Amino acid sequence: MNLKEKIIKERIPAHVAIIMDGNGRWARKRGFARTLGHEKGVDAVRETVEAAVELGIGYLTLYAFSTENWNRPKYEIDALMRLLVRSVNKERKTFMDNNIRLMAIGDLRNLPPKSYTELMKAIDDTAVNTGMRLVLALSYSSRWEIVEAARILAGNISKGTLKPEEITQEMFSNLLTTASIPDPELLIRTSGEYRVSNFLLWQIAYCELYFTPTLWPDFSKEEFYRALIDYQSRERRFGMTSEQIRKPKNR
Ligand code: IPE
Ligand code: IPE
Ligand code: MG
């Protein structure tokens, strides 16, 4: 039985989020510039997207560039932004052929104008598609969006249109950039780092975490299948007891 056949179709997570880490180390290990690692990383993105579509995953969110990544050397940022434009243009046909709708979360106004325009064009063009949502987290950080949401709520309170006690978790969620996106059920991080950095901190409550030492450019469909099989072997309890989960009527 191959790995793909071991995946239980009825228990595919609706939303998988991935922290694509390790491009720089992948390149350095081979004596290449870090930017080559990013280029190779695009191939891994293509494989992963293809696998996600084949499996019928509803939402795939990819952490492509963090707010903190703006602190990297300028040449690396420029290369990443150029790569973004090139990849979005190159993959447009794949998106259309596979019914993929492209979305983006993050402080997109910070992107260079060309990257922003091309990204928006691809988002508009694919808005008619009804299949998998491919969500790119760009210039994204969780703390940034949480503070933005807090500002909006505080603004409404100072205008008198909202009372502090009226604030609900749902209201807060709806002010995040992920408002229209269900919370991820599986979060994968590559490159052997055991951290979430600044990714979807609010949204990953009760999310299953999967860490692999594989560097992002080496991430493959097989590796993705392994993460899903691992996910499916876990018992998600959401604060309840094991017995309650197994016999829902005794709750
Ligand atoms: C992830 O790979 C890609 C981005 C953060 C843009 P890195 O560039 O962080 O690679 P490492 O972690 O230095 O190996
Ligand atoms: C996380 O990777 C962000 C992205 C993958 C875009 P980083 O390489 O920036 O994270 P840290 O600095 O190792 O936590
Ligand atoms: Mg890194």
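Biologist: What should I know about the model before we start?
Modeller: It is predicted, so local features need pLDDT of at least 70 and side-chain atom pairs count only at pLDDT 80 or more, while totals for chains, interfaces and linings use all residues. Residues are numbered from 1 along each chain as its sequence is written, and side-chain values use heavy atoms, with hydrogens and water left out.

Biologist: Is strand S1 enclosed or open?
Modeller: Five of the five residues of S1 (residues 15-19) are buried, so the strand is largely enclosed by the rest of the structure. Buried means under 20% relative accessible area (1.4 Å probe, protein chains only); strands are DSSP runs of E with at least two residues, and helices are runs of H or I with at least four, numbered from the N terminus.

Biologist: Which strands pair with S1?
Modeller: S1 pairs in the parallel sense with S2 (residues 59-66) over five bridges and with S5 (residues 186-189) over four. Pairing requires at least two DSSP bridges between the strands. His15 stands opposite Tyr59 in S2, and Ala17 stands opposite Leu187 in S5.

Biologist: Turning to helices, where is Glu118 found?
Modeller: Glu118 is in helix H4 (residues 113-125).

Biologist: Which residues does Glu118 contact?
Modeller: Leaving aside neighbours within four places in sequence, Glu118 is in contact (heavy atoms within 4.5 Å) with Val85, Val88, Asn89 and Arg92.

Key. Chains are lettered from A and ligands numbered from 1 in the order in which they are written. Buried means under 20% relative accessible area, exposed over 50%, partly exposed in between (1.4 Å probe, protein chains only).
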